[in-house]
Amino acid sequence: MNPKTPKLQQQQKQETTEEIASRTAREFASPEELLRHDADQTSPPRALAHRVAESIAKEPGCTRSWWQRWFSRRTTNS
Amino acid sequence: MARREYPRPSLVSAEAPPAEAIPDFKARALREGPSSPGAPPTWASPEFGAIYEEHSRQIYYLALRFLGDPTQAEDAAHDVFLKAYRKLGEFRGESAMRTWLYRITINHCKNLLQTWHQRHMVNNAEDNLWETAAASTESPLRVLEIKELGQRIQKALHLLPQEYRLLLLLVADRQMSYDEIAVLTEQSVDAVRGKLHRARKAFIAQFQKFA
């Protein structure tokens, strides 16, 4: 067995602990900043986009908007 | 604040179109059914797909932290975007698209919470659902950190009054001004400032408890 291995493992473990400490010890000036960081790290589930896209594909279509009705009336009158 | 103009969806009609009139991309989406989770979704309305891409993160985040349950937040975000698609013709651009989507989200989430409280359902979010909250692409160390931080934030938010929770989540969005938050929550800007001051203090006190 390599005698350096336990020392190397200990060193790696210490580095990992330091890395965790440096990441979790980050300070935020305000709750907003903390929540912004949290929001930046939180992605919506990938399946959500597919669910929404599939649901929309099944929709028969929504009613015409006010500007479409307005333009079609103008076109009919002219 | 500069407002972004959104193109109107191309798939708007008073009546349901006959089968042969369904555009190719929509027919393809219906024919192919669910696409693989790794591939980008096929949008029947590419314009609405762009709206989803721009706002889904914030809408999901608001639902997640307001409801405190990742599965319910996913369902809520789905329902919000479906409602938005159905009502897009009513959107006149008097407010920003983000504000309009937030309004739908807040109403939907409040209704859900009211229903849950009426049924006396127990929120079991802390037991098993945080496993799904972290992004799958993150390293284990990063996920661990996000989960710990997310759990602390969620616990602290959960102990705040609903109104404080909502105000903090809205003001955390860089796109939202105090004026827009005041309109969205139906109160004066001064009231928003005062409540936010108290909400920050309450949040910090609760957050430090879970250190």
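In the predicted model, the elements of chain B run α-α-α-α-α-α-α-α-α from the N terminus on. Of its 211 residues, 31% count as buried. Among the contacts in chain B with a separation of 6 or more, 63% are accounted for by residues 24 or more positions apart.

Two packed helices are described by the angle between their axes and the distance between the axes. For helix α2 (residues 46–67) and helix α3 (residues 70–87) of chain B, the axes come within 9 Å and cross at roughly 140°. At this angle, α2(B) is therefore oblique to α3(B). The crossing in which α2(B) passes α3(B) is right-handed. On the α2(B) side, the contact involves B:Phe48, B:Tyr52, B:Ser56, B:Ile59, B:Tyr60, B:Ala63, B:Leu64 and B:Leu67. These residues meet B:Pro70, B:Gln72, B:Ala73, B:Ala76, B:Ala77, B:Val80, B:Phe81 and B:Tyr85 in α3(B). The residues of this contact of α2(B) with α3(B) comprise 14 nonpolar and 2 polar ones, with no charged residue.

In chain A, burial was considered along helix α2 (residues 31–41), where A:Pro31, A:Leu34, A:Leu35, A:Asp38 and A:Ala39 are buried. These residues lie on the same side of α2(A), because they cover an arc of only 135° around the axis. By contrast, A:Glu33 and A:Asp40 are exposed on the other side of α2(A).

Notes
Residues are numbered from 1 along each chain as its sequence is written. Chains are lettered from A and ligands numbered from 1 in the order in which they are written. This is a predicted model: local features need pLDDT of at least 70, side-chain atom pairs count only at pLDDT 80 or more; totals for chains, interfaces and linings use all residues. Helices (H or I, at least four residues) and strands (E, at least two) are DSSP runs, numbered from the N terminus. A residue is buried if 20 or more other C-beta atoms lie within 10 Å of its own, exposed if 12 or fewer, and partly exposed in between; C-beta atoms are placed from the backbone. Two residues are in contact if their C-beta atoms, placed from the backbone, lie within 7 Å. Axes are lines fitted to C-alpha atoms, for helices over the stretch in contact, and angles run from 0 to 180 degrees between N-to-C directions. Angles under 35 degrees count as roughly parallel, over 145 as roughly antiparallel, 65 to 115 as roughly perpendicular and the rest as oblique. A crossing is left-handed if the near helix is turned anticlockwise from the far one by less than a right angle, and right-handed if clockwise. Ala, Val, Leu, Ile, Met, Phe, Trp, Tyr, Cys and Pro count as nonpolar, Asp, Glu, Lys and Arg as charged, and the others, Gly among them, as polar. The arc is that of the directions from the helix axis to the C-beta atoms.
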